[in-house]
Amino acid sequence: MWVGCRMGSRLTSSILPHPSIPTIIQSAGVHHHMESKNLRRFLGIERSNKAKANRNTHHNERMFRKMRGRKTVLLELPDDVEQRRLDALTPNKLRTEMLKKGINPYREVQPRLWQESQVTFQSLYGVVDPYVKSEDSLPWGTNLEGLKAKGQDMLQSVQHKWHNYKSGTSRIKKKEGFEKFDTNTFGPSADLIYEEAHLALMTRNVKELHGLITEHAYAKMWPDVSEGSIMWRLVERIEPSRVVSVRVTDNPYKSGNDIAQITVRMHLKQILAVFDRFGHLMLGSETEPRTTLEYVVFENHIAVVDGKWRLHDKVYPRWVNRKEPAHFTMEIKEDDSRPSAPISLPLRAEELIKKRKNEKQKGDDDN
Amino acid sequence: MLARTISRCGGGQLAAARAASTASIAPTREGTGEGDVERRTGEARKAEAVDAKEEWRRRSALRTPVLQRDEVVPAKVYFAPEWPLDQKASDDEGWPNPMKGYGVTPEKWEHYNKVVWPPGYIVPETGLPKPREVFHCRQSIHFSPKRAWYACQLVWRMNVDEALVQLDLQQTKATGMLAEVLREAKARATDEFHIDQASRMHVAEAFPIQSNIIKGARRHAHEDWHEIRYRYIHLYVRLEEGEGPGYKGRVKPRDGWDKMEEYYKYLRSRQIKHSIG
């Protein structure tokens with residue numbers, strides 16, 4: 001209900017309305033269809049203008065909702081949410097999911113990813129004998145244990161020397177073009193290959209690189225320059241490089257397809273800086289040279305005439321000093337689950353936890 | 001909120017300390033004869049520290065249109081793996097069709113992540129170091145591109161953490177989806193790209209592109225059949241290190257101060273005709 005606005009404005013000064021002012025009945029500006037006289041119309045069962053199309057069927061023909069739904073063709077649409085959930089599942093859980101749906105995961109489904117790698121018989125994808133004799137010879141022990149260890153060490157080194165000759169140099173010398181092969185002269189050529197390989201890697205010269213390093217080494221070295229860049233420079237050679245171990249094996253066994261591997265000890269001073277893909281320094285330094293002692297393995301497919309010595313791998317003996325890894329800084333999140341102090345995880349941690357639980361249960365039962 | 005502010009402040013100090021340390025250990029080195037790479041790095045160390053406002057002023061200056069004949073193609077300084085043109089996404093016969101898979105595709109977007117910039121690279125146009133970026137895309141989402149567009153516009157050029165807060169405040173499918181994608185991108189920044197402070201990144205780009213339409217059908221009155229389009233989209237996101245420009249458009253919109261400057265310039269350029277001076 002409202003009062004005429006003209007009168008209302010006049011009355012703003014006084015609080016009570018004047019008794020002589022007539023009140024006016026509200027009249028809404030809505031078009032009516034005699035609802036007060038027609039109950040069916042009032043309840044919305046009947047429409048006012050039946051000749052006019054009903055534009056709001058979702059509202060005033062709600063009872064036909066299901067029937068209208070049947071007019072749509074139902075499709076099986078790819079569900080991306082479900083797919084993402086399945087992709088995140090572990091194989092075991094995925095198997096359970098499949099079994100729930102009535103799919104046999106062991107018969108009707110193929111593995112999700114197909115992994116294959118190319119293998120050639122021109123190279124060995126590893127180091128045949130990673131043994132390198134320790135530079136500091138073991139002292140003569142005072143007790144029996146020490147003496148035993150010393151004896152073991154000596155035996156091992158004698159065996160190593162014997163293999164260097166028997167399944168190393170002598171086998172190489174039998175091959176055509178290697179009659180005058182000498183391990184004493186191999187050092188300088190190994191140095192050259194090492195340096196050229198690293199320079200080719202730095203400039204990402206793939207064609208040259210494949211002539212200098214093996215496929216095995218390529219898989220290890222290429223990520224350094226495909227996910228970032230490196231800056232490498234040889235400053236000086238502290239000691240002349242020398243051959244430590246020579247091995248020849250054939251692949252497949254007893255086929256005569258001989259492949260030779262030579263481990264060279266290199267004592268160098270070099271500069272190495274590793275950058276991430278945006279050119280930020282991650283590891284090392286561009287100016288500060290470091291002394292490195294490396295045992296580098298070179299490989300040659302000596303069974304063929306056009307085999308070349310190529311850089312193959314590096315050997316890290318147990319007694320060698322460990323290298324410093326990259327330091328990554330990161331934001332520490334305010335997480336309550338973070339332990340305040342570092343805890344060393346024991347070996348067989350899961351078993352130990354189980355054991356402790358069992359003991360605790362036993363104790364509870366006894367009590 | 002306070003915690004976030006604190007962590008941001010700490011981040012700023014850390015970053016500054018790191019920048020200073022990098023500058024001290026890497027002075028310019030020339031004439032070592034190691035080739036192109038080294039010379040570029042020698043140049044690279046000349047970048048000066050500027051604030052975000054100055055940075056975006058320089059970057060937006062590059063937006064002024066240039067005639068194509070005046071354009072200078074910059075030298076290719078970066079390394080990226082070969083883009084295999086013969087390997088197509090579709091199994092169609094023959095040469096790749098330019099009308100198929102044109103524009104931004106998820107493969108191309110991911111390929112940007114594989115670009116390697118030279119050590120200490122400085123963008124010559126701005127004289128500033130290249131900001132670190134993360135390109136991320138979620139593929140084949142069943143959602144309308146038009147509705148996804150609104151959510152994308154909301155976070156466009158906003159700080160990531162701020163964007164996540166804003167998206168979480170709006171409870172719609174589009175915003176929830178975009179928030180998830182942004183979280184994924186942020187996780188990638190720390191895990192994959194060694195970006196230590198992912199909170200200091202901003203959403204440089206966020207946009208949906210329709211990838212597929214599956215057509216359904218619906219019967220109307222009098223056997224009048226019409227198709228229903230079930231649309232699928234790819235949702236693209238690019239995070240960039242540093243602060244955003246503070247505006248959403250291509251260039252900074254002119255405010256009253258700019259207009260005043262322009263008016264002053266006009267006033268001072270007037271000349272009295274046939275005057276002595």
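Analyst: Among contacts in chain B between residues at least 6 apart in sequence, 73% join residues at least 24 apart. Please keep in mind throughout that this is a predicted model.

User: What makes up the secondary structure of chain B, and what pattern does chain B follow along the sequence?

Analyst: The secondary structure of chain B consists of 8 helices and 5 strands, and, read along the sequence, they follow the pattern α-α-α-α-β-β-β-α-α-α-β-β-α.

User: Which residues of H5(B) and H7(B) meet, and what classes do they belong to?

Analyst: On the side of H5(B), Arg147(B), Ala148(B), Tyr150(B), Ala151(B), Cys152(B) and Val155(B) meet Ala174(B), Thr175(B) and Leu178(B) in H7(B). Divided by class, this contact of H5(B) with H7(B) has 7 nonpolar, 1 polar and 1 charged residues.

User: How do you know that the buried residues of H6(B) line one face of the helix?

Analyst: In helix H6 (residues 160-169) of chain B, the residues Val160(B), Ala163(B), Leu164(B) and Leu167(B) are buried, a term that requires 20 or more other C-beta atoms within 10 Å of a residue's own. Seen down the axis of H6(B), these buried residues fall within an arc of 100 degrees, so they line one face of the helix. What covers the buried residues of H6(B) includes H5 and H7 of chain B, together with strand E4 (201-220) and strand E5 (224-241) of chain B. For chain B as a whole, 20% of its 277 residues count as buried.

User: How many residues of chain A are in contact with chain B, and which elements of chain A give two or more of them?

Analyst: There are 29 residues of chain A in contact with 35 residues of chain B. On the side of chain A that touches chain B, the elements giving two or more residues are strand E1 (228-250), strand E2 (258-276) and strand E3 (281-284) of chain A, and E1(A) gives the most, with 4 residues. The residues on this side of chain A divide into 11 nonpolar, 9 polar and 9 charged.

Definitions and conventions
Residues numbered from 1 in each chain as written. Chains lettered and ligands numbered in written order. Predicted model: local features only at pLDDT ≥ 70, side-chain atom pairs only at ≥ 80, totals over all residues. Contact = placed C-beta atoms within 7 Å. Nonpolar A, V, L, I, M, F, W, Y, C, P; charged D, E, K, R; others polar. Buried ≥ 20, exposed ≤ 12 C-beta atoms within 10 Å, placed from the backbone. Arc of directions from axis to C-beta.
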